[in-house]
Amino acid sequence: MSRVVGSKKLPVLFLLFLLIGSIQVWGKEDDLKILDAYSVEGKIAFLVFNETSEELYSVVYNGHSFEAERLNLTLGRYQVRHWNGEYWLLQKGERGTVELYTYHKGKLRLIETFTGGSLCTDNDLEVKWNGREYFLTFIMQDSNDDLNTGECNFIFKYYLLKDENLIPLNVSGPAMWIPSLNSWLVKGSIAYLIDENGRLLGKYDFSKTGIYSAGLVINGNETLVTVSADKGWVYIFNTRNSSLVLIYSQKLGERELGEGPYPPKVWVGKPVLFDRDPHNDSVSIVWLFNGTDFIKIHTFEGYATLYPVTAFNRSYILSGTPANRGTHILLNLFEFRDSSLVHLSSLKVRNGYIKVVNTGELKGFPALKVESGSMLVVSGENSVFLFNSTDMFDLTSGEGIDLPNALKNHEYKLSFCCGGVVVFNENRAYLFENGKFSDITPEMLSALSRNSESNGFSTPFTLITLAVIIIVLLVSLRKRR
């Protein structure tokens, strides 16, 4: 025979459901997913998703402690492009129509809605950051684009984003930041120098055809720009009084249009150029500027590929030469010292895709991904590291270090912070410093738990309170009988 709940017990049941609903749902460790990490200015912000509560958190680590903050954002609706230590730069939509937002202290602000974007790209918005403002490139659709044939003609629009204010630019070309001038060099067919507020400082005609490459050189207290242009012409500019001053102009041999030596994008030390021997394609050449002219300081044979690698205050060259009939690659690392190259280490690896990234390119951007079978070479503050599926190699010392077991033979990500290397997957995060890995996941979870409890009742306190209230009410009802 069924029993009907008495009317006097209904308030108790209602209160029971109300209190249970007020308990913060945090979930198990397995329900937490580390989505990505963004490192800048000695801090790294992990994006962590709680699959139980469907909440997104930013957990910032400074090398000593974690601080968690709940983000009022819907996962999947926005793409995180950058974190500058103060606010997040977000994007909604990738092709056609793209909305750009900033997220700061719980507030989402629409900066701009870009329309008419190209449908021929994976993402119509490109972002660069110089430590203060953003240089944005929006790729637009051309009326003659044909997705069926793959024929696309890109139209570019350029902007500066400073203090959350968008500044349109009347220039064209990829940008390079020159710190000594507080200016951007926009490298189109005509090069433009613009300041951090978008004002035009100068125009430079580097090439008759518009085909050239340019690189930034930090040589002690001197900042230079090296330009390699048509048919082997090489120019060096000093940076003075908000302008580029030509200090060298010579033709480095007879070259065909589009061929010739090229400078690294960023280099620390005296200017260098990488080149192929025009009479022997299997030989690579390194040229050094001695203050008067370029001289040949090193040659690499065997169809070597040269990768410039720049650390905090020094530069390296990594050469990759096919070995064992192409099944392997022999890697050799050289450090640039006193106008010469000093060999540091050798490592033979299986032939595969090698990606080389300089640390300066990472600041505030998503962590680098190491996929199964791939290799990643990254410069730290004082070292050059190679990462693969199982190991981390310090190429400056020749030392190999096993990855933590949780990361081996799986996809993982990495970034530099706090005087070391942070490596992580969806479930665990580790800091490599002083020659060893430390699991920092428990500290991250503690910070998340503290944030959860500070934003509502703590679970133990709520359960105890709930039990006490129910007992008091039940006793009260019995006495009334």
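In which strand is the place of Ala37? Ala37 sits in strand β1, which covers residues 32-40.

The model is predicted, so local features need pLDDT of at least 70 and side-chain atom pairs count only at pLDDT 80 or more, while totals for chains, interfaces and linings use all residues. Residues are numbered from 1 along each chain as its sequence is written, and side-chain values use heavy atoms, with hydrogens and water left out.

**Overall make-up**

The secondary structure comes to three helices and 38 strands. Both are DSSP runs numbered from the N terminus: helices are H or I with at least four residues, strands are E with at least two. Of the 481 residues in the protein, 48% are buried. Buried means under 20% relative accessible area, exposed over 50%, and partly exposed in between (1.4 Å probe, protein chains only). The accessible surface is about 24,700 Å², and 49% of it belongs to carbon and sulfur atoms; these areas come from the Shrake-Rupley method with a 1.4 Å probe, and for residues only the protein chains shown count as cover. A contact means heavy atoms within 4.5 Å. Among contacts with a separation of 6 or more, 41% are between residues 24 or more positions apart.

| Residue | Location | Relative accessible area |
|---|---|---|
| Ala37 | strand β1 (32-40) | 0% |
| Thr121 | loop between β8 (107-114) and β9 (125-129) | 12% |

Not counting residues up to four places away in sequence, Ala37 touches Ile44, Ala45, Phe46, Phe365, Pro366, Ala367 and Phe424. Ala37 and Val422 are 385 residues apart in sequence, yet 9.2 Å apart in space, C-alpha to C-alpha.

**Nonpolar cores**

A nonpolar core is a set of buried Ala, Val, Leu, Ile, Met, Phe, Trp, Tyr and Cys residues joined through side-chain atoms within 4.5 Å. The largest has 32 residues, and those with the most contacts inside it are Trp88, Leu90, Leu100, Leu125, Tyr134 and Leu136. Apart from this core lies another, of 23 residues, among them Tyr61, Ala367, Cys418 and Leu431.
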